[in-house]
Amino acid sequence: MGTPGVRRGRATDPDRRERIARAAMTVISRSGVDGLTHRAVAAEADVPLGSTTYHFATLDDLLAVALQRAADDNIRLVRTWASGLPVDADLASALADLVVEHLNDQRPHTVVEYDLYIAALHRPSLRALSNAWDEALIEIFSARTDAVTGRVLAAMFCGLLMQGAIADPPLTVDGFRGMFRRVLDGPGPA
């Protein structure tokens, strides 16, 4: 038992802020931006409601941190992919495989990224974070091609992720490969 009149210190939870941020990503992945509430995030993070509002006073704060985490995660994944890609790799095939990976294995991150990307249309405070994803893709793809082609590939990659996430029936890796090959190699013989 503690000393009378002396308040016992609370157990610290140094990872709580990060857990809340990751929980916001999970909520957005499952329920979209419209489903993001402090209450839903608190339940997902298994923390008291007051913790979410202590660390992130507004929903825009939660949106911003979720977008930051999603963009950071996706940028890290693409940088890792690029650093492991052999110099002589078939870039069209590699990009098609990357799209499929983001639509399957990384789907929750991809969904969050694009939900928040759309949210940035209406919330100017989120635009810089969204632009960071675009700029990273341009940089990574330009390193394998040139500045203009890198920008085209980045826009195409983003568009294919968006289309692929909602396509019914799903788009195929062969279809993605053919589109990337067309951009990289130009039109075939007439």
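How close do the axes of helix α8 and helix α9 come, and at what angle do they cross?

A: This is a predicted model, in which local features need pLDDT of at least 70 and side-chain atom pairs count only at pLDDT 80 or more, while totals for chains, interfaces and linings use all residues. Residues are numbered from 1 along each chain as its sequence is written, and side-chain values use heavy atoms, with hydrogens and water left out.

Two packed helices are described by the angle between their axes and the distance between the axes. Helices here are DSSP runs (H or I, at least four residues), numbered from the N terminus. Axes are lines fitted to C-alpha atoms, for helices over the stretch in contact, and angles run from 0 to 180 degrees between N-to-C directions.

Helix α8 covers residues 147-166 and helix α9 covers residues 173-185; their axes come within 11 Å and cross at roughly 160 degrees. That angle makes α8 roughly antiparallel to α9, a term for angles over 145 degrees, while angles under 35 count as roughly parallel, 65 to 115 as roughly perpendicular and the rest as oblique. The crossing of α8 and α9 is right-handed, which means that the near helix is turned clockwise from the far one by less than a right angle.

In contact terms (heavy atoms within 4.5 Å), α8 brings Thr149, Val152, Leu153, Met156, Phe157 and Leu160, and these meet Phe176, Met179, Phe180, Val183 and Leu184 in α9. This contact has 10 nonpolar residues, one polar and no charged. Ala, Val, Leu, Ile, Met, Phe, Trp, Tyr, Cys and Pro count as nonpolar, Asp, Glu, Lys and Arg as charged, and the others, Gly among them, as polar.

The loop between α8 and α9 holds Pro169. The peptide bond from Asp168 to Pro169 is cis, with omega near 10 degrees.

Helix α8 also packs against helix α5 (residues 91-103): the axes of α5 and α8 come within 10 Å and cross at roughly 40 degrees. That makes α5 oblique to α8. The crossing of α5 and α8 is right-handed. From α5, Leu91, Leu95, Leu98, Val99, His102 and Leu103 meet Leu153, Phe157, Leu160, Leu161, Gly164 and Ala165 in α8. By class, the contact of α5 with α8 has 10 nonpolar, two polar and no charged residues.

Leu153, Phe157 and Leu160 of α8 are among the residues that meet α9, and they are also among those that meet α5.

Key: Helices (H or I, at least four residues) and strands (E, at least two) are DSSP runs, numbered from the N terminus.
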